[in-house]
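Look through the structure below before reading on. The paragraphs after it go through some of its contacts one at a time.

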Amino acid sequence: MSLYAIGDLHLHYQSELKAPGQLHGRVWKNHEEKFRKNCEKLITDEDTLVLVGDHSWGRNLGECETDLQYICGLPGRKILTRGNHDMFWDAKKTGQLNELYRPHLTFLQDSYEVYQDYALVGTKGFTFEGPFYLDRRGRIIGWDEQAQLHAKKLVERELVRLRKSFELAKADGFNRFIMFLHYPPTDILEKRSGFTDMAEEYGAEQVIYAHCHGESRFYDSIHGEYRGRTYHLVSGDFLRWNPLKIL
Ligand SMILES: [Fe+2]
Ligand SMILES: [Fe+2]
């Protein structure tokens, strides 16, 4: 029995591809097939796979149907969290999604899931991504402060959602946590953040995140041991479509 994670499948069986990197990058060529094969080799029906957002390019549930059916067809128990591109998933209507896809998929939002003696908690998260102003050598010399202020509000909202997830698990007696985000826990200006602080406050053993894809983005945030927890980037292209074993 194992726990695996990966993110950013960006499936598009019924929708238009919106990222030039996905159109031209070699790692994205037939990535659905590569990923399916890797899952079938690695994951059994006793295992759990957490997919940490950006599941589909579809703009609504109709346009995501085939993508979600593809995920249903992967081995193991599947838990999904929201990414910034998941237009099909209104956070307030997560209950409806769960009803629709039960027992094949679990959509985690303002809730938690159980894996052995761990609570799997999480939310989409948010990170300030600029615009940044660079000098001639490409060093950051400033940024859009209005955009940063707006990002702060979104971060605060996501921290409320994350705390709810932790608190529900805690109220049910859990004290071991794995924390899942879609966005990286810190932006490129930060060493720590509300997300790393919350991971420390509740004693999350691992923090799993995605969203950073394309080689230039892989090291935007924390990797490995940091202040007592372990951080893992699990975006699909970073992992070359091999789900990462978390536990
Ligand atoms: Fe993505
Ligand atoms: Fe993303």
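Arg77 and Glu113 form a salt bridge, with their closest N and O atoms 3.2 Å apart. A salt bridge here is a side-chain nitrogen of Lys or Arg within 4 Å of a carboxyl oxygen of Asp or Glu. Because Arg77 lies in strand E3 (residues 77-81) and Glu113 in strand E5 (residues 112-115), the pair ties together parts that are 36 residues apart in sequence. Helices (H or I, at least four residues) and strands (E, at least two) are DSSP runs, numbered from the N terminus. Arg77 is partly exposed, with a relative accessible area of 29%. On this scale buried means under 20% relative accessible area, exposed over 50%, and partly exposed in between (1.4 Å probe, protein chains only).

This is a predicted model, in which local features need pLDDT of at least 70 and side-chain atom pairs count only at pLDDT 80 or more, while totals for chains, interfaces and linings use all residues. Residues are numbered from 1 along each chain as its sequence is written, chains are lettered from A and ligands numbered from 1 in the order in which they are written, and side-chain values use heavy atoms, with hydrogens and water left out.

The structure holds twelve salt bridges. Another one joins Arg163 to Glu201, at 2.8 Å from N to O. Arg163 lies in helix H5 (residues 145-171) and Glu201 in helix H6 (residues 194-202), so this pair ties together parts 38 residues apart in sequence. Arg163 is partly exposed, at 31% relative accessibility. Asp135 and Arg139 also form a salt bridge, their closest N and O atoms being 3.0 Å apart. Asp135 is partly exposed at 22%, and Arg139 is partly exposed at 45%. Asp117, Arg176 and Glu205 are linked in a network of salt bridges.

Next comes the metal. Which residues are the protein donors of the iron ion (ligand 2)? They are Asp54 (OD), Asn84 (OD1), His182 (NE2) and His211 (ND1), lying 2.1 to 2.2 Å from the ion. Donors are N, O and S atoms within 2.8 Å of the metal (3.2 Å for Na, K and Ca); water is not among the atoms, so sites may look incomplete. The iron ion (ligand 2) is 3.3 Å from the iron ion (ligand 1), and Asp54 coordinates both. Asp54, in the loop between strand E2 (48-52) and helix H3 (61-72), and His182, in the loop between strand E9 (177-181) and H6, are 128 residues apart. Both Asp54 and His182 are buried.
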